[in-house]
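Colleague: Could you take a close look at the aromatic side chains and their surroundings? I would like one connected account, with the cut-offs given as you go.

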Amino acid sequence: EKRVRWLAGIYYYSSRRDLEERHYLATAPTINFGETRVDNQAIFGSVGVDLTDRWEVTAEARYAEDTIGNFKSVPTPVLIEKNFYSFTPRVTTSFAVTPQTMLYLSYAEGNKPGVVNADPRFPPDIQFAEEEESKNYEIGVKNTLMDGKLILNAAAYYIDWKKQQLTSTFFFPTGGTQSYIINAG
């Protein structure tokens with residue numbers, strides 16, 4: 001209810017997970033993918049300001065560091081990992097044309113951290129998929145009509161999406177296949 005509002009925070013996440021593919025036919029061996037490791041820490045904040053009694057602007061930002069990796073203990077200990085850094089801002093503004101009609105604009109950047117393709121049989125060039133990135137633009141209007149009996153909203157948006165992560169199939173020269181993540185153009 002105040003003219004200036006703010007929020008700040010920190011985030012921490014850590015995961016360790018053993019991955020193993022077991023086959024129940026004697027001719028198909030068990031594949032140990034090792035321990036998948038994910039560590040994420042971030043700081044974030046937001047400031048909202050009422051420029052007038054009808055016009056509001058909010059700016060938000062998040063800085064994150066992700067370490068994505070895989071540890072294999074057999075036959076010899078090997079740790080492969082990669083660090084990803086991201087800064088994701090968002091700016092939103094809204095204007096109340098009337099108490100029943102509000103216009104808004106929004107710009108935001110987003111990301112999805114990279115991926116480890118953990119199968120030990122993969123060649124080194126597909127061990128990692130890079131981080132996805134997007135820039136998002138939106139404009140819209142929100143309306144309350146007929147004394148609140150009808151809500152009519154409309155929006156247009158555009159997303160510039162880069163390095164999208166897609167699932168592909170690797171065909172091993174000795175036979176067999178395995179899914180992995182790859183970046184699109």
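Modeller: Start with Lys142, which lies over the face of Tyr104, 5.6 Å from the ring centre. A charge sits over a ring here if NZ of Lys or CZ of Arg is within 6 Å of the ring centre and within 35 degrees of the ring normal. This is a predicted model, in which local features need pLDDT of at least 70 and side-chain atom pairs count only at pLDDT 80 or more, while totals for chains, interfaces and linings use all residues. Residues are numbered from 1 along each chain as its sequence is written, and side-chain values use heavy atoms, with hydrogens and water left out. Arg62 has its charged end over the ring of Tyr11, 5.4 Å from the centre.

Next, rings against rings. Searching the whole structure gives seven aromatic pairs, where rings of Phe, Tyr and Trp (its six-membered ring) pair if their centres lie within 6.5 Å, and planes under 30 degrees apart count as stacked, over 60 as edge-to-face and the rest as tilted. One of them joins Phe122 and Phe170 edge-to-face, with 5.7 Å from centre to centre and 80 degrees between the planes. Phe122 lies in the loop between strands E6 (115-116) and E7 (128-129) and Phe170 in strand E10 (residues 165-171), so this pair ties together parts that are 48 residues apart in sequence. Helices (H or I, at least four residues) and strands (E, at least two) are DSSP runs, numbered from the N terminus. Both Phe122 and Phe170 are buried, that is, under 20% relative accessible area, with exposed meaning over 50% and partly exposed in between (1.4 Å probe, protein chains only).

Then the nonpolar packing. A nonpolar core is a set of buried Ala, Val, Leu, Ile, Met, Phe, Trp, Tyr and Cys residues joined through side-chain atoms within 4.5 Å. The largest one has seven residues: Ile31, Phe33, Ile68, Ile80, Phe84, Val116 and Ala118. Strands E2 (31-50) and E4 (78-98) are the elements that give two or more residues to this core. A second, separate core of five residues includes Phe122, Ile126, Phe172 and Tyr180. Back in the largest core, Phe84 touches residues including Ile68, Val115 and Ala129, leaving aside those up to four places away in sequence; contact means heavy atoms within 4.5 Å. Phe33 of that core is among the residues touched by Glu21, again leaving aside those up to four places away in sequence. Glu21 itself lies in strand E1 (residues 4-21) and is partly exposed, at 22% relative accessible area.
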